[in-house]
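Dear colleague,

Please find the structure below, handed over together with my notes on what was found in it. I would be glad if you read the notes with the model open beside them.

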Amino acid sequence: MARGGPVPGLEGPLWRALAVFRIAALGYAAVLMVNNFREYHWPPGGWVIIGVMAAWTVVSTLAYAQPERRGWPLLTADLAVTAACLLASRWIVNPEGLGVGAPTLPMAWVASPVVAWAISGGRRRGAIAAILMSGADAVVRDGFSQATANGPVLMLLAGVGVGHIARLAIDAEARLQRAVELEAATRERERLARGIHDSVLQVLALGERGGVELGGEEAELGRLAGEQEATLRALVTSSAPPAAAVAGAAPSRASRMGDGGPDGGPDGGPDDGRVDLRGLLDGHAAAGVTIAAPATPVLLPAAVAAEMAAAVGAAVDNVRHHAGPGAKAWLLLEELPDGVTVSIRDNGAGIPAGRLAEAERAGRLGVAQSIRGRIRDLGGTVTVTSVPGSGTEVELHVPR
């Protein structure tokens with residue numbers, strides 16, 4: 001199942017199992033009919049009832065296969081037809097044998113509507129159908145006895161047991177659907193957070209610093225920019241997606257991405273455009289930034305290449321803003337048999353131990369979302385190696 005897509009129905013297999021049971025029970029009833037019809041009070045009637053059972057098996061199986069038909073009209077008709085076939089045993093089978101436990105014409109086939117009611121409505125509805133069928137069985141056998149109680153008891157157990165399983169399946173389906181929607185909303189929040197960090201948050205932070213440095217009225221503007229930055233960081237790092245996002249959740253990673261592979265890859269299928277990642281990385285070339293890439297094109301689906309280039313851009317921005325004055329960066333693009341790797345190395349101040357975790361808790365998402373989040377959504381990995389005073393290396397790897 002693709003995450004973020006529709007959840008496959010868990011109730012459907014129960015209806016298919018009912019169809020198999022009904023057909024198997026019909027075959028068993030037909031075998032008993034062939035072996036015993038000579039002893040019946042009215043043998044031709046037995047063949048008529050078997051024919052009715054066969055016809056209703058076909059009709060009900062086709063009808064229950066359509067979810068919109070699984071309502072009270074079909075459930076009531078199923079119970080009525082089955083009860084009529086059961087009651088007909090009173091006039092067709094030897095009456096004396098029925099009173100001491102001889103098999104009725106439908107045999108186990110009578111449990112079919114009980115199971116159908118249980119699947120459609122749970123334990124209570126299954127128990128009601130079992131009681132009604134047990135009443136019809138009591139009429140056929142002139143009451144209950146130790147010899148005739150097994151059938152009704154088994155029907156009641158089947159109705160309650162199958163009903164319980166059906167309710168569990170439906171509840172599990174609802175919970176799974178909610179989980180899929182929550183994941184989709186969370187993925188969308190992370191995607192938006194990355195975009196906000198790459199643009200709005202950085203502009204607000206720059207405005208705050210510039211205002212403080214200029215002083216006067218600009219300092220007040222800087223203070224307001226700082227307040228808005230803090231509020232926006234709290235919003236995009238909130239762990240609970242808004243209800244509106246869950247209700248109309250955007251497709252999650254698996255539904256936005258293809259199946260992967262050399263021709264498809266995340267976020268792109270064989271029909272999507274493929275671009276040379278080298279060209280996108282060239283946009284980060286500047287004073288202090290050196291790029292080394294293969295001589296041949298490194299082709300990736302357009303969306304994958306764009307996300308990877310954006311993650312590289314976030315890493316280069318971190319070097320400019322946090323590595324210290326005069327720090328230089330070196331970008332190395334490698335096309336490997338199992339994927340594509342980009343390494344961003346600098347000779348700056350390095351990252352103290354625990355700084356990245358502290359930044360993520362504070363809502364500074366440069367590494368957590370703009371880099372790690374992007375590559376994670378592409379199915380890749382990010383490795384950060386840093387020694388204070390000796391620079392930092394960030395390695396981004398996206399598999400084929």
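Strands β4 and β5 run antiparallel and are joined by 8 bridges, where strands (E, at least two residues) and helices (H or I, at least four) are DSSP runs numbered from the N terminus, and two strands are said to pair if DSSP finds at least two bridges between them. A hairpin of 2 residues connects β4 to β5, and across this pairing E335 has V340 in β5 as its bridge partner.

Before going further, please note that this is a predicted model, in which local features need pLDDT of at least 70 and side-chain atom pairs count only at pLDDT 80 or more, while totals for chains, interfaces and linings use all residues. Residues are numbered from 1 along each chain as its sequence is written, and side-chain values use heavy atoms, with hydrogens and water left out.

The sheet

β2 and β4 (residues 329–336) pair in the parallel sense over 4 bridges, with I291 standing opposite L331 in β4.

The hairpin of β6 and β7 has 5 residues between the strands, and in it G389 takes a positive phi near 90°.

How enclosed is β5 by the rest of the structure? Because 7 of its 8 residues are buried, β5 is largely enclosed; buried here means under 20% relative accessible area, exposed means over 50%, and partly exposed lies in between, with a 1.4 Å probe and protein chains only. S343 is found in this strand and, at 7% relative accessibility, counts as buried. Leaving aside residues up to four places away in sequence, S343 touches W330, L331, L332, E334, E393, V394 and E395, a contact being heavy atoms within 4.5 Å.

A pocket is an open set of points on a 1 Å grid over the protein atoms alone, where a 1.4 Å probe fits and protein lies on both sides within 12 Å along at least five of seven lines, and lining residues have an atom within 4 Å of a point; the volume is the space filled by probe spheres set on the points, which are joined across faces, edges and corners. The lining of this pocket comprises 18 residues, of which M107, A108, V110, N150 and G151 lie nearest its centre. Helices α7 (123–141) and α8 (150–214) each supply at least two lining residues, and α8 gives the most, with 5 residues.

M107 lies in the loop between α5 (95–99) and α6 (111–121), and has a positive phi of about 55° although it is not a glycine. Most residues other than glycine have a negative phi. At 23% relative accessibility, M107 counts as partly exposed. D142, in the loop between α7 and α8, likewise has a positive phi, near 60°, without being a glycine, and at 60% relative accessibility D142 counts as exposed.

The chain as a whole

The protein chain has 15 helices and 7 strands, and buried residues make up 39% of its 400 residues. Its accessible surface comes to about 20200 Å², of which 62% belongs to carbon and sulfur atoms, as computed by the Shrake-Rupley method with a 1.4 Å probe. Among contacts with a separation of 6 or more, 71% are between residues 24 or more positions apart.

With best wishes
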